[in-house]
Amino acid sequence: MGTPLAVAAVQPSWAGADVLANAELHARAIVRAEARLVVFPELSLTGYDLGAPSLATDDSRLRPIVEACRAAGAVALVGAPARDADGREYIATLAVTGESVTVAYRKVWLHGAEFDRFTPGEKPTVLTLDGWRLGLAICYDAAVPQHAADTAALGIDAYVASTIYGPDSHSRRDSHMRERATTHATWVVLATAAGPSGTFAQTSGGSGIWTPNGDLATQAGPDADQTVAFTLPALA
């Protein structure tokens, strides 16, 4: 049985291609969030730049995030390109704790030019935290009903999506999240970019949390450097 889970969705300011500067912005947001789970958008450490170099899990530039998670008692889900030992590269979610960084999830449903470089992840993934089973998604995953269905089939308590939506995609963004919540009777947590990100001159913002019946529990506005937080109630 899961205890209440304090969750924060962050839409950080983007410091350009400077990974260390972005990591420091992430670290400050983690400390401010005062949440157990802190979720960031797709490719949050590099911006949506499909040419950005991959990050290794032992990259020293990730230390500010590790230290912030240790201080806050948090687990952070951050976005970056990742390379496996066999040379294949993925759009990934890194799970950061106060002790380590691991590749938690590899994007399954790639889109457009992403196929030119990246390999699709092989399967949906569930991250377990404090008794909660969290199904992970990256951007286009969350727009594909089959991804949520395959993830929900593993048994989840929340669907956690790290995304980027264009500035005119507000209705589509919210519709996707509401549909995932109601179809699978699960909490939905969305962290999406705001302001510029890589090759996007502007993005939508609107990170939020939806209840299992599709109601909006909380939502950020369109500007960067915003965080929304909500405590998911204890599991029955």
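A pocket, in these legends, is an open set of grid points with protein on both sides within 12 Å along at least five of seven lines. The model shown in every view is a predicted one.

**View 1. Here is the largest pocket, with the residues that line it.** How much space lies in the largest pocket? About 230 Å³. Its lining is made up of 14 residues, and those nearest the centre are His 111, Cys 139, Tyr 140, Ile 164 and Arg 172. Two helices, α3 (140-143) and α5, each supply at least two residues of that lining.

**View 2. Now for a cavity, a space where a 1.4 Å probe fits but cannot get out.** The structure holds one cavity of 30 Å³ or more, and about 80 Å³ of space lies in the largest cavity. Which residues line it? They are Pro 12, Ser 13, Trp 14, Pro 41, Glu 42, Leu 43, Ser 44, Gly 47, Ala 193, Ala 194, Pro 196 and Ser 197. Pick out Ser 197, and you'll find yourself in the loop between β9 and β10. Is Ser 197 buried or exposed? Its relative accessibility is 6%, so Ser 197 counts as buried. Leaving out residues up to four places away in sequence, Ser 197 touches Trp 14, Gly 47, Tyr 48, Ile 164 and Thr 203.

**View 3. Six strands line up in an open sheet.** Reading across, the order is β6-β7-β8-β9-β10-β11, and the pairing is mixed. At the edges sit β6 (126-129) and β11 (216-219), each pairing on one side only. From one strand to the next, the twist averages 20°. Zoom in on β8 (residues 158-163) and β9 (residues 187-192): these two pair in the parallel sense over six bridges. Thr 163 stands opposite Thr 192 in β9. Helix α5 (residues 170-184) packs on this sheet, where it touches β8, β9, β10 (208-210) and β11. The direction of α5 makes about 155° with that of β9. Another helix, α4 (residues 145-152), lies across β7 (132-138) and β8, and runs at about 155° to β7.

**View 4. Strand β4 has cover on both faces.** On one side you have Glu 89, Ile 91, Thr 93 and Ala 95, on the other Tyr 90, Ala 92, Leu 94 and Val 96, and all of them are buried. Why call β4 largely enclosed by the rest of the structure? Because eight of its eight residues are buried. β3 and β4 pair in the antiparallel sense over eight bridges, with Ala 92 in β4 as the bridge partner of Ala 80. Five residues lie between β3 and β4 in their hairpin, and Gly 87 in the turn has a positive phi of about 95°. A hairpin also joins β4 to β5, this one through four residues. β4 and β5 run antiparallel and are joined by five bridges; Ala 95 stands opposite Thr 102 in β5.

View 5. In α2 (residues 63-72), the buried residues are Pro 64, Ile 65, Val 66, Ala 68 and Cys 69. Just after α2 comes Gly 73, with a positive phi of about 65°.

View 6. In soluble globular proteins, nonpolar side chains tend to be buried together. The largest core here has 35 residues, and Leu 37, Leu 77, Leu 134, Val 160 and Leu 232 have the most contacts inside it. β7 gives the most to this core, with four residues. What does Leu 134 touch, if you leave aside neighbours within four places in sequence? Leu 5, Leu 37, Thr 125, Val 126, Leu 127, Leu 129, Ala 158 and Val 160.

**View 7. Two loop residues, Arg 36 and Asp 116.** Arg 36 is in the loop between α1 and β2 (37-39), and its 28% relative accessibility makes it partly exposed. Not counting residues up to four places away in sequence, Arg 36 touches Leu 5, Ala 6, Gly 73, Ala 74, Val 75, Leu 129 and Asp 130. Asp 116, in the loop between β5 and β6, has a relative accessible area of 70%, so it is exposed.

Technical notes
Residues numbered from 1 in each chain as written. Heavy atoms only, no water. Pairing = 2+ DSSP bridges. Axes fitted to C-alpha atoms, helices over the stretch in contact; angles between N-to-C directions. Contact = heavy atoms within 4.5 Å. Buried < 20%, exposed > 50% of the residue type's maximum accessible area, 1.4 Å probe, protein only. Core = buried A, V, L, I, M, F, W, Y, C linked by side-chain atoms within 4.5 Å. 1 Å grid on protein atoms, 1.4 Å probe; cavity = no way out; pocket = protein on both sides within 12 Å on 5 of 7 lines; lining within 4 Å. Points joined across faces, edges and corners; volume = space filled by probe spheres on them.
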